[in-house]
Amino acid sequence: MSQTPFHWPVRIYYEDTDAGGIVYNANYLKFMERARTEWLRHLGIEQDGLLEQGIAFVVRRVEMDLRRPARFNDALKVTVTVKMLKRASIVFEQEILDDAGLSLVRGEVVIACVNIAQMKPFAIPEPLMGVLSGAR
């Protein structure tokens, strides 16, 4: 699936860094999560609306390649690209870039659609699938 990546800006705050002054590794996952949420919002999809319908998107798998560190006060850009859209899941490619466009982190994130009551896979509803398919 090919698309122009969605971009979300992130500024590094002191709270994002470790004792060495670089971004703590788990915070990159938070930045990726925020970018995916904003991508959905950009498409007109609010996750609280999905929760009211008894469905949620949950992370099933993450693969992350930490290439270069980010530091306090850096301005970053987090990208979101749909690699594959399946019946009950979405595979994302994400990248975190510095202000010069240098790749700091690359990741692949698999998100599953689940029925909240049973916490089992659930087919992405057709109207939602139509919006997601159109975002290619």
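Trainee: Which side chains meet in a salt bridge at 2.7 Å, N to O?

Mentor: A salt bridge pairs a side-chain nitrogen of Lys or Arg with a carboxyl oxygen of Asp or Glu, within 4 Å. In this predicted model, the side chains of K83 and E108 form such a pair, at 2.7 Å from N to O.

Trainee: Is E108 buried or exposed?

Mentor: A residue is called buried when its relative accessible area is under 20%, and exposed when that area is over 50%. E108 has a relative accessible area of 17%, so E108 is buried. K83, with 34% relative accessibility, counts as partly exposed.

Trainee: Which other residue meets K83 in a salt bridge?

Mentor: The side chain of E93 also meets that of K83, at 4.0 Å from N to O. This pair likewise links distant parts of the chain, with K83 in strand β3 (residues 75–85) and E93 in strand β4 (residues 89–97), ten residues apart. E93 is partly exposed, at 38% relative accessibility.

Trainee: Which residues do salt bridges with shared partners join into one network?

Mentor: The network consists of R61, E63, K83, E93 and E108. Within this group, R61 and E63 meet at 3.6 Å, N to O. The relative accessibility of R61 is 33%, so R61 counts as partly exposed.

Trainee: How many salt bridges does the structure hold, and how many charged side chains does the protein have?

Mentor: The structure holds nine salt bridges. The protein has 17 positive and 17 negative side chains, and the centres of these two sets are 6 Å apart.

Trainee: What share of the residues is buried, and what share of the contacts joins residues at least 24 apart?

Mentor: Of the 136 residues, 42% are buried. Among contacts between residues at least 6 apart in sequence, 66% join residues at least 24 apart.

Trainee: What part of the accessible surface belongs to carbon and sulfur atoms?

Mentor: The accessible surface comes to about 7800 Å², and 51% of that surface belongs to carbon and sulfur atoms.

Methods
Residues are numbered from 1 along each chain as its sequence is written. This is a predicted model: local features need pLDDT of at least 70, side-chain atom pairs count only at pLDDT 80 or more; totals for chains, interfaces and linings use all residues. Side-chain values use heavy atoms; hydrogens and water are left out. Buried means under 20% relative accessible area, exposed over 50%, partly exposed in between (1.4 Å probe, protein chains only). Contact means heavy atoms within 4.5 Å. Accessible areas come from the Shrake-Rupley method with a 1.4 Å probe; for residues, only the protein chains shown count as cover. Lys and Arg count as positive and Asp and Glu as negative; His and the chain ends are not counted. The place of a charge is taken as NZ of Lys, CZ of Arg, CG of Asp or CD of Glu. Helices (H or I, at least four residues) and strands (E, at least two) are DSSP runs, numbered from the N terminus.
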